[in-house]
Amino acid sequence: MRKSQQGASLLMVLVWIIIGLSVITLGIKLTPIYIEDYAVASSLQGLNREADLTKISNKEIFSRIDKHFTVNNVRNFDKDNIHISREKTKLIIDINYEARTSIISNIDAVLSFKHHLEANNQ
């Protein structure tokens, strides 16, 4: 007895094509945001490697963060998302921000990122 094989129907092929295109679109739209966030995290780690971080003023810290952002090609970053606080011998830097991108028509993706740095005076 011979089994008859039937391939995927045209409808299933179209569904798989639409799913594949959706995944590719999401990848194209979201990847640059994650790359920029990686650069922000790298900038914060680079700042942590600098000596005497706890002894410099907030203005100087903002200036150094800006230099790291320039080197890491972070553009259009709102500096209001950077919060610097001090507790006794600790310096705490929090960078919390959201990035929004349009996916299709009126559908947007909002990604939130949080980075935290604690430096102790040694």
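**Questions on the assignments**

Modeller: N76 lies in the loop between helix 2 and strand 1, where helices (H or I, at least four residues) and strands (E, at least two) are DSSP runs numbered from the N terminus. This is a predicted model, in which local features need pLDDT of at least 70, side-chain atom pairs count only at pLDDT 80 or more, and totals for chains, interfaces and linings use all residues. Residues are numbered from 1 along each chain as its sequence is written, and side-chain values use heavy atoms, without hydrogens and water.

Colleague: Why does N76 count as exposed?

Modeller: The relative accessibility of N76 is 81%, and exposed means over 50%, buried under 20% and partly exposed in between (1.4 Å probe, protein chains only). N76 therefore counts as exposed. Its phi is positive, about 55 degrees, although N76 is not a glycine.

Colleague: What makes S105 exposed?

Modeller: S105 has a relative accessibility of 68%, so it counts as exposed. Its place is in the loop between strand 2 and strand 3. Those strands form a hairpin with two residues between them, and S105 is a residue other than glycine whose phi is positive, near 50 degrees. In the hairpin of strand 1 and strand 2, also with two residues between the strands, K88 takes a positive phi near 45 degrees.

Colleague: And why is A109 called buried?

Modeller: A109 has a relative accessible area of 16%, and is therefore buried. A109 sits in strand 3. Neighbours within four places in sequence aside, A109 is in contact (heavy atoms within 4.5 Å) with L30, A99, R100, T101 and I103. The C-alpha atoms of A109 and K29 are 8.9 Å apart, at a separation of 80 residues in sequence.

Colleague: At what angle do helix 1 and helix 2 cross?

Modeller: Helix 1 (residues 10-48) and helix 2 (residues 58-71) cross at roughly 130 degrees, and their axes come within 9 Å. The angle is taken between N-to-C directions, from 0 to 180 degrees, with axes fitted to C-alpha atoms, for helices over the stretch in contact. That makes helix 1 oblique to helix 2, since under 35 degrees is roughly parallel, over 145 roughly antiparallel, 65 to 115 roughly perpendicular and the rest oblique.

Colleague: Which residues make the contact?

Modeller: Helix 1 supplies V40, S43, G46 and L47, and helix 2 supplies I61, R64, I65, H68 and F69. Five of these residues are nonpolar, three polar and one charged; Ala, Val, Leu, Ile, Met, Phe, Trp, Tyr, Cys and Pro count as nonpolar, Asp, Glu, Lys and Arg as charged, the others, Gly among them, as polar.

Colleague: How do you know that strand 2 and strand 3 run antiparallel and are joined?

Modeller: Strand 2 (residues 90-104) is joined to strand 3 by 14 bridges, in the antiparallel sense, and pairing takes at least two DSSP bridges. Y97 has F113 as its bridge partner in strand 3, and K90 stands opposite N120. Strand 1 and strand 2 pair antiparallel over six bridges, with I82 opposite I95 in strand 2.

Colleague: What makes strand 1 and strand 3 stand at the edges?

Modeller: The open sheet has the order 1-2-3. Strand 1 (82-87) and strand 3 (107-120) each have a single partner strand, so one side of each is left without a neighbour in the sheet. Helix 1 packs on the sheet, touching strand 2 and strand 3, and its direction makes about 10 degrees with that of strand 3. Helix 2 lies across strand 1 and strand 2, at about 140 degrees to strand 1.
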